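Subject: Structure handover

Hello,

Here is the structure I promised to pass on. Please open it first, then read my notes below.

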Amino acid sequence: MPKVLISDKMDPLAAQIFRNRGIEVDEITGKTKDELIAMIGKYDGLAIRSATKVTKDVLAAATNLKVVGRAGIGVDNVDIPAASAKGVVVMNTPFGNSITTAEHAIALMFALARDLPEADKSTQAGKWEKNRFMGVEVTNKTLGLIGAGNIGSIVADRAIGLKMKVAAYDPFLTPERAVEMGVEKVTLEELLARADFITLHTPLTDSTRNILSKENLAKTKKGVRIVNCARGGLIDEAALKEALDSGHVAGAALDVFVTEPATESPLFGTPGFISTPHLGASTNEAQVNVAIQVAEQMADFLLSGGVTNALNMPSLSADEAPKLKPYMALAEHLGGLVGQLEGDAIKGVAIEVEGAAAELNQKPITGAVLAGLMRVYSDTVNMVNAPFLAKERGLDLREVRHDREGDYSTLVRVTVTTPEGAKSVAGTLFANAEPRLVEIFGVKVEADLTGEMLYIVNVDAPGFIGRLGSTLGEAGVNIGTFHLGRRSAGGEAVLLLSVDTPVDDALKAKIAQLPGVKSAKALRF
Ligand SMILES: NC(=O)c1ccc[n+]([C@@H]2O[C@H](COP(=O)([O-])OP(=O)(O)OC[C@H]3O[C@@H](n4cnc5c(N)ncnc54)[C@H](O)[C@@H]3O)[C@@H](O)[C@H]2O)c1
Ligand SMILES: O=C(O)CC[C@@H](O)C(=O)O
């Protein structure tokens, strides 16, 4: 039974879903890094929010970990390259808290427009300072939206409902989508110059870090009000403090900070400054959504291999997973076969699907071929880390889908490029379920790739099979299955044998010396 650790505070529905689906679950929150390292080894899944930091060290200790599920959007607390290298899938729940966070941005915008926190404080202090607080309307004002993805587009929709004009800066926003959203697509310079309010909705990346830098803050309209409910680090906090002090920026509301928890900041106490402790996603509705989504996604993956919202591998729905499972086994075998036969000589891989295979999601098939191929180099390779390892080795990758049906109703072909030219192996499924090799380097052969095997290329001649059988028999190696193919009578033949015990180097050398043998190789599947 898989075991999951929930290491951050999460709606109880998450634990309930894991249990209902037959997954053992521990809810242990507030642990230090060392405590997490000490306990993580026994878990197959780790469900987190933003407090748990899934670092390289934590991953190194996570010997059984298969999936990290983030109940939320941002995954900057997860070392994704390290997780990928280790073959751990990282998933998030990209839509569960979007409305809630967009609403928080709008709430902060209104709070800034009418100075609500200060007005509240003053009123509750018995001051009744009616003349001190003079706000601004948002109607007809321009909202500059930096980042027009899930949350940005909801903020735009709400702002349009408030009769605001929305100007959006997002290099990935298409003109068509901008029209659909009812926003004006602008450059960052235009946005800075025109916006009365600016809200930020991008992830923190090299291109967005300090997007509101000192220089860019200086380009904003005097009296601008700024809201950041996305990530700390998008705004230069020191520069923002100066701009608030000088009055150039009339107000700023931060839900997120460069350092969190933000228990101290030069911004605290600055007139016009409002803050919340990373509350963007904190509503009952959002927390129920993300808890349900993360638990269902992780359970699907641990129980059936379904992959949803993974950041480091292609999606595979729980419906698709059973259909693709035998193909992935076939693909992994074909990858393993070429990997073991050609190894370092492989410079590129082409993966072709035809017939019924061409109607399926090809990405998992490709991932499985690469996993089989790269396993030659490491036992810990799986579909998550294989594409990264293949890229690291500089392998060229090509995926081809043929609509035609050939000799087989379904076929997967793997062709590797080597200094000796292109070499290809192909396989099909019998009864839609059983993987079979049907071609190896141009020779038709029908074989089940399983367990310990021996691959021999020899000159087709009478008496060879008897001699080979005796050699194996004398060494105490029992033959399980025997598959034969040849280019032509008397020409080159290939033999694929499954054997009950591994063939050691000495025996392999003996076989290689049998008359007519061109090469002999031990394989393992
Ligand atoms: N405060 C919170 O509690 C809270 C809650 C949820 C999400 N978030 C954060 O909000 C942010 C947005 O989330 P989302 O779901 O809308 O993400 P998203 O991926 O749907 O949208 C991000 C948008 O940013 C755009 N973008 C990327 N680089 C850009 C650049 N250099 N300049 C301008 N735009 C750029 C992308 O094209 C994309 O449209 C994320 O950082 C997320 O972690 C915070
Ligand atoms: O879990 C939270 O409270 C914050 C989530 C938010 O930052 C996110 O990126 O989804």
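Start with the open sheet of six strands, in the order S14-S13-S15-S16-S17-S18. Its pairing is mixed. S14 and strand S18 (443–447) stand at the edges. Each has a single partner strand, so one side of each is left without a neighbour in the sheet. On average, neighbouring strands here are turned by 20° against each other, direction ignored. Please keep in mind that this is a predicted model.

Look next at the pair S13 and S14. They run in the parallel sense and pair over seven bridges. Val-353 stands opposite Arg-401 in S14. H14 packs on this sheet and touches S13, S14 and S15. The direction of H14 makes about 135° with that of S13.

As for cover, twelve of the 13 residues of H14 are buried. Among them are Gln-362, Pro-364, Gly-367, Leu-370 and Met-374. The cover over these buried residues includes helix H13 (320–342), strand S13 (348–355) and helix H15 (386–392). It also includes strand S14 (396–402) and strand S15 (410–418).

Now the other sheet.

Five strands form an open sheet in the order S2-S1-S3-S4-S5, and the pairing is parallel. The edge strands are S2 (24–27) and S5 (89–91), and each pairs on one side only. Neighbouring strands of this sheet are turned by 15° against each other on average, direction ignored.

Within this sheet, strand S3 (residues 45–48) pairs with strand S4 (residues 67–70) in the parallel sense, over four bridges. Gly-45 has Val-67 in S4 as its bridge partner.

Helix H12 (residues 284–304) lies across S1, S3, S4 and S5, and runs at about 165° to S4.

There is one more strand pair to check. Strand S6 (residues 142–146) pairs with S7 in the parallel sense over five bridges. Thr-142 stands opposite Lys-165 in S7. Strand S7 (residues 165–169) is mostly covered, with four of its five residues buried.

On to the ligand. Which residues come nearest to ligand 1? Of the 31 residues around ligand 1, these are Gly-74, Gly-149, Ile-151, Phe-172 and Gly-280. Helix H5 (98–114) and helix H7 (150–161) each supply at least two residues of the shell. H7 gives the most, with three residues.

Last, the chain as a whole. Its secondary structure comes to 17 helices and 22 strands. The C-alpha trace spans about 110 × 45 × 35 Å along its principal axes. A compact globule of 525 residues would have a radius of gyration near 24 Å, but this chain has 30 Å. Of the 525 residues, 43% count as buried. Among contacts with a separation of 6 or more, 64% join residues 24 or more positions apart.

Best wishes

Note on methods
Residues are numbered from 1 along each chain as its sequence is written. Chains are lettered from A and ligands numbered from 1 in the order in which they are written. This is a predicted model: local features need pLDDT of at least 70, side-chain atom pairs count only at pLDDT 80 or more; totals for chains, interfaces and linings use all residues. Two strands pair if DSSP finds at least two bridges between them. Axes are lines fitted to C-alpha atoms, for helices over the stretch in contact, and angles run from 0 to 180 degrees between N-to-C directions. Two residues are in contact if their C-beta atoms, placed from the backbone, lie within 7 Å. A residue is buried if 20 or more other C-beta atoms lie within 10 Å of its own, exposed if 12 or fewer, and partly exposed in between; C-beta atoms are placed from the backbone. The radius of gyration is taken over C-alpha atoms; the globule rule is 2.2 Å times the number of residues to the power 0.38. A residue is near a molecule or strand if its C-beta atom, placed from the backbone, lies within 6 Å of it.
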